[in-house]
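Here's a walk through one protein chain, from the overall make-up down to a few single residues. Have the viewer open as you read.

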Amino acid sequence: MDEQRETLQRIVSTLANKNDEIHNFIDILNNTIKNVQVNSSSAISELDEEFDRLYSVLYEMSGTMANTIRQEAAHKIQALQDQLSQCHNALESSEELLELATQSLDIKDPVEFLKAGREIKDRVTVASAFRLSLKPEVSDSMTHLMVDFSMERHMLQAMKFLPVPRAPEIDVAASVVADNCITVSWGMPEEDSRIDHFVLEYRKTNFGGLPRVKDEQHWEVIDNIKATEYTILGLKFDKKYVNVRVKACNKAVAGEYSDPATLETKAFVFSLDSTSSHLNLKVEDTYVEWDPTGGKGQLKIKGKENKSSGTLSPKRTSVGPPARGSRDRFVGESYTVLGDTTIESGQHYWEVKAQKDCKSYSVGVTYRNLGKFDQLGKTSSSWCIHINNWLQTILSAKHSNKTKTLDVPVPDRVGVYCDFDGGQLSFYNANSKELLYTFRTKFTQPLLPGFMTWCGGLTVSTGLQVPSAVSMVQKSENRLSGSTNSLNNIAY
């Protein structure tokens, strides 16, 4: 009966997952239909705009060329009219001279006849009619301004839609997720020399299957990529996966997106648990700051006020609900706040940056059983490094109420590496990745990140992968034999 019930439960789970996938695919199909309708309308609008621009160019060219013909005709007509005017003037002068010569033939006096003949001869010599060209200065032909658009007509008739680049193919095997960076590699299904650039889009998600249409973050866009590989730098991995897709673009049009690829982004993400932090600490998500006025009038530990009715015990205050696991608020001189997510296996990394004026702070890990009056590093169930910036700057490692001063420069940003299964807790200069100190032990209970601060504030960076440089240092450290120290122990 139990075996059949378990089998049936697996079948139910499988069917539920399959139904969820089908629902998601239906959403994808409906969204695709909607996009086809929208994109086709957009394509028609763009086609109309292109033809309107083409008509405008042709109309403008027609007007310009017709104007050129008119100007040429006007120039020729003016030249011919000038020549015609000259002919009329020459003809008028010639007719006058002809009449004079005809009249001179009737002169009887020889002297007068000779005189008239010489005058007529002189006038004929300079007459414009004999210097006038009887050939038109310009031709009546306008063939030099004729056009032949047969080639252009053939080109227009052969005009087709632009060739659209094919969708790229993402090479998941060659894509790398490391150091909070994602290197995406892709290729084209066939060589296309007309591709000008690529567009890469990515978005974070907690769903490992096909990208969902609903309830997803918007795509982040990286444009104008010239190569077939791109590295996205400085990401915070606050989701389990990242979807990526690529499209190719030529000078005029973009192609279809590639099939989306889903890449896993392993990282430790947590916030600070404000519900159990000390009342003198102001906590917001991943930031904690010392607040000397915090909790005044809300919590009285000593004095007669604590004995009167209406005042709560320090074990429970009226500020907010109890923390995860119903632990007490830290009180007294334990200015502590813990992370809200436990470490139960694997390798994890986070970073802490202190304000410049922060006088004293500790960074480390602890079991859940850290008492409300306990300080990090002063119990057998907590490990930390402590920075004291009062009279002089001192960096020390603390565990089980033992302290070891570290002769290394104090970084402005501390990296914390925790290998739960390997029993290692290491602290690094987060900028240079220089190892500051390593605790080696055997963790027997889930761990919580822990932080203490006094007179200052701390900013915690989560969603980080273990840096490659840290992994290399850890491997080197593990190969060294006999690298133990007085604070390492077996924790129970």
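## Ground rules

This is a predicted model, where local features need pLDDT of at least 70, side-chain atom pairs count only at pLDDT 80 or more, and totals for chains, interfaces and linings use all residues. Numbering runs from 1 along each chain as its sequence is written, and side-chain values use heavy atoms, with hydrogens and water left out.

## The chain as a whole

The chain's secondary structure comes to 4 helices and 21 strands. Helices (H or I, at least four residues) and strands (E, at least two) are DSSP runs, numbered from the N terminus. There are 492 residues, and 34% of them are buried. Here, buried means under 20% relative accessible area, exposed means over 50%, and partly exposed is in between (1.4 Å probe, protein chains only).

As for contacts (heavy atoms within 4.5 Å), take those with a separation of 6 or more: residues 24 or more positions apart account for 68% of them.

## Helix α1

Helix α1 has 103 residues, which at 1.5 Å a residue should span 153 Å; the end C-alpha atoms are 151 Å apart, so the two agree. That expected span is 1.5 Å times one less than the number of residues in the helix.

Which residues of α1 are buried? They are Asn24, Lys76, Ala79, Gln83, Ala90, Leu97 and Ser104. These buried residues pack against α2 (110-126).

## Helix α4

Helix α4 covers residues 468-479, and its 12 residues should span 16 Å at 1.5 Å a residue; with end C-alpha atoms 17 Å apart, that agrees. Val470, Gln474 and Glu477 are its buried residues. They sit on the same side of α4, because they cover an arc of only 60 degrees around the axis (the arc being that of the directions from the helix axis to the C-beta atoms).

Turn to the face of α4 pointing away from the buried side and you'll find the exposed residues Met472, Lys475 and Arg479.

The largest pocket holds about 1,900 Å³ of space. Its lining has 40 residues, and Asn39, Val164, Ala254, Gly255 and Glu256 are the closest to its centre. The elements giving two or more residues to this lining are α1 (2-104) and β7 (241-249), with α1 supplying the largest share, 18 residues. By type, the lining of the largest pocket divides into 22 nonpolar, 8 polar and 10 charged residues. Ala, Val, Leu, Ile, Met, Phe, Trp, Tyr, Cys and Pro count as nonpolar, Asp, Glu, Lys and Arg as charged, and the others, Gly among them, as polar.

The second largest pocket has about 300 Å³ of space. Of its 13 lining residues, Lys266, Ala267, Gln347, Gln465 and Val466 lie nearest the centre. Strand β12 gives the most to this lining, with 3 residues. The lining of the second largest pocket divides into 5 nonpolar, 6 polar and 2 charged residues.

A word on the method: on a 1 Å grid over the protein atoms alone, a pocket is an open set of points with protein on both sides within 12 Å along at least five of seven lines, and lining residues have an atom within 4 Å of a point. Grid points are joined across faces, edges and corners, and a volume is the space filled by probe spheres set on the points.

Most residues other than glycine have a negative phi. Asn180 has a positive phi of about 55 degrees, though it is not a glycine. Asn180 is in the loop between β2 (176-178) and β3 (181-187) and is buried, at 6% relative accessible area. Leu235, in the loop between β6 (229-232) and β7, is 55 residues from Asn180 in sequence but 5.2 Å away in space, C-alpha to C-alpha. Leu235 counts as buried at 9% relative accessibility. Leaving aside residues up to four places away in sequence, Leu235 touches Asn180, Ile182 and Tyr202.

Asn224 also isn't a glycine, and has a positive phi of about 60 degrees. Asn224 lies in strand β5 (residues 220-225) and is partly exposed, with a relative accessible area of 46%.

## Thr286

Is Thr286 buried or exposed? At 16% relative accessibility, Thr286 counts as buried. Thr286 is in the loop between β9 (281-284) and β10 (287-290). Not counting residues up to four places away in sequence, Thr286 touches Phe270, Ser271, Leu272, Leu458, Thr459, Val460 and Thr462.

Key: 1 Å grid on protein atoms, 1.4 Å probe; cavity = no way out; pocket = protein on both sides within 12 Å on 5 of 7 lines; lining within 4 Å.
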